[in-house]
Amino acid sequence: MTFLVLVLTLVFIGLIMLFSASYAYAYYNKGDSFHYIKRQLLFAVAGVVMMLVVSRINYHILHRFSLLLLLITITLLIVVLFYHTGNARRWIPIIGSFTFQPSELAKFSVVVVFAQLISINYERMKNPRYGVWPFLAILGMIAVLMILEPHLSGTILILSIGIVMMFIGGTDLRWFMLGGVCIIIGLVIVVLIPGAVPYAMSRLEYWIDPWKDAQGDGFQTIQSLLAIGSGGLMGVGIGNSRQKHLYLPEPQNDFIFSIVCEELGFVGATLIILIFALLVWRGFVIAMRCRDRFGTMLAVGLTTQVGVQTILNIAVVSNTIPNTGISLPFFSYGGTALVMLLAQMGVILSVSRQSSLEKE
């Protein structure tokens, strides 16, 4: 019940902040101040219903469909490459203006398949044949397809989820040390060899000094920092943000937390972060109380997704890390993301419910 209350609280606050952050942008660009909130509210209702339905289904059914889910995900990640939306290929058109984002399904697929593999091979996870190579093959295949979109933030998130699940699942620590060395070498190449990875180098330059191109690549980061700084301790009040009036680009998406900070201030933003922290804590409590390893790993993976995604988003909008274009769970605009996220929260609730029934 605690986990459900925390999820519904975040959905409720997220809808309020989405409307506050989006109505000016929607009015100027769509001619309807309610454009984004109407669509998000529809998806929120559908997502909550799906969450409650999924919570009543025994999560063990996912054992049977893990491979099928992975195959569907890979197929959709290939199909989406044929649909261009601006400079990216991330969405498959469905009906009218509604679209589906396969990368959201990819996050769930990785969690389910990894949970399945770990539960089956738990006693052999120290052996790289069972504890490393199958996981790297799956992560590598999905990462390559997502980079082709390109979807760097989604790739980083999925890799993070996979690494955490492998670590908790029992993969030998030496492989994580080797991976860390490879990451360090990669960063050295990006920094010390100009032109080696132009796109990444550009991101690093404007992260270190966004004012280097204040009207170009650094503009969004600068406006985000101005919004955060303008909020002060208590904020300017809900609906009173100035940066959302065509200063901060698309404030309803990845940078919505900047508007949260501006309108609710340090106190309000801290309370929201605290609710996210409680949700993650409760998710891991549910994982620890589960009596079978598959359920434990499901809860760990899905909880990790929310936690890592929240940390990365807040780090981006505060310019703590380079801009990767990652959304804030329950807050950022996006129908596919919200419905999938709520369905995944339903899986965690199912794990909790089954654990309680088994104790009885």
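**Entry 1: the model**
I began by checking what I was looking at, and this is a predicted model.

**Entry 2: the cavity**
I wanted to know where empty space is left, and rolling a probe the size of a water molecule over the atoms shows that. My search of the whole structure turned up one cavity of 30 Å³ or more. The volume of the largest cavity came out at about 30 Å³. Which residues line the largest cavity? I listed V11, G14, L15, L18, Q40, F330, F331 and L338. Helix α1, residues 2-30, gives the most to this lining, with four residues. Sorting the lining by class, I found six nonpolar residues, two polar ones and no charged ones.

**Entry 3: α11 and α12**
Next I turned to helix α11 (residues 256-289) and helix α12 (residues 293-317), whose axes come within 9 Å and cross at roughly 160°. Angles over 145 degrees count as roughly antiparallel, and α11 and α12 are therefore roughly antiparallel to each other. I noted their crossing as left-handed. On the α11 side, the contact is made by F257, S258, I273, F276, L279, V280, G283, F284 and A287. From α12 come T296, A299, V300, T303, T304, V306, G307, T310, N313, I314 and V317.

**Entry 4: α3 and α4**
At what angle do helix α3 (residues 62-79) and helix α4 (residues 102-121) cross? I read roughly 145°, with the axes coming within 9 Å. The crossing of α3 past α4 is left-handed. In α3, the contact residues are L62, H63, S66, L69, L70, I72, T73, L76 and L77. Their partners in α4 are P102, S103, L105, A106, F108, S109, V112, V113, Q116 and S119. I counted this contact of α3 with α4 by class as twelve nonpolar, seven polar and no charged residues.

**Entry 5: α4 again, now with α7**
I stayed with α4 and looked up helix α7 (residues 152-169); the two axes come within 10 Å and cross at roughly 15°. Are these two helices roughly parallel or roughly antiparallel? Angles under 35 degrees count as roughly parallel, so α4 and α7 are roughly parallel to each other. I wrote down a right-handed crossing for α4 past α7. S103, A106, K107, V110, V111, F114, A115 and I118 are the α4 residues that meet α7. They face L157, I158, I161, G162, M165, M166 and G169 of α7. The contact of α4 with α7 divides into eleven nonpolar residues, three polar and one charged.

How values were computed:
Residues numbered from 1 in each chain as written. Predicted model: local features only at pLDDT ≥ 70, side-chain atom pairs only at ≥ 80, totals over all residues. Heavy atoms only, no water. 1 Å grid on protein atoms, 1.4 Å probe; cavity = no way out; pocket = protein on both sides within 12 Å on 5 of 7 lines; lining within 4 Å. Points joined across faces, edges and corners; volume = space filled by probe spheres on them. Nonpolar A, V, L, I, M, F, W, Y, C, P; charged D, E, K, R; others polar. Axes fitted to C-alpha atoms, helices over the stretch in contact; angles between N-to-C directions. Parallel < 35°, antiparallel > 145°, perpendicular 65-115°, else oblique. Left-handed = near helix turned anticlockwise from the far one by under 90°. Contact = heavy atoms within 4.5 Å.
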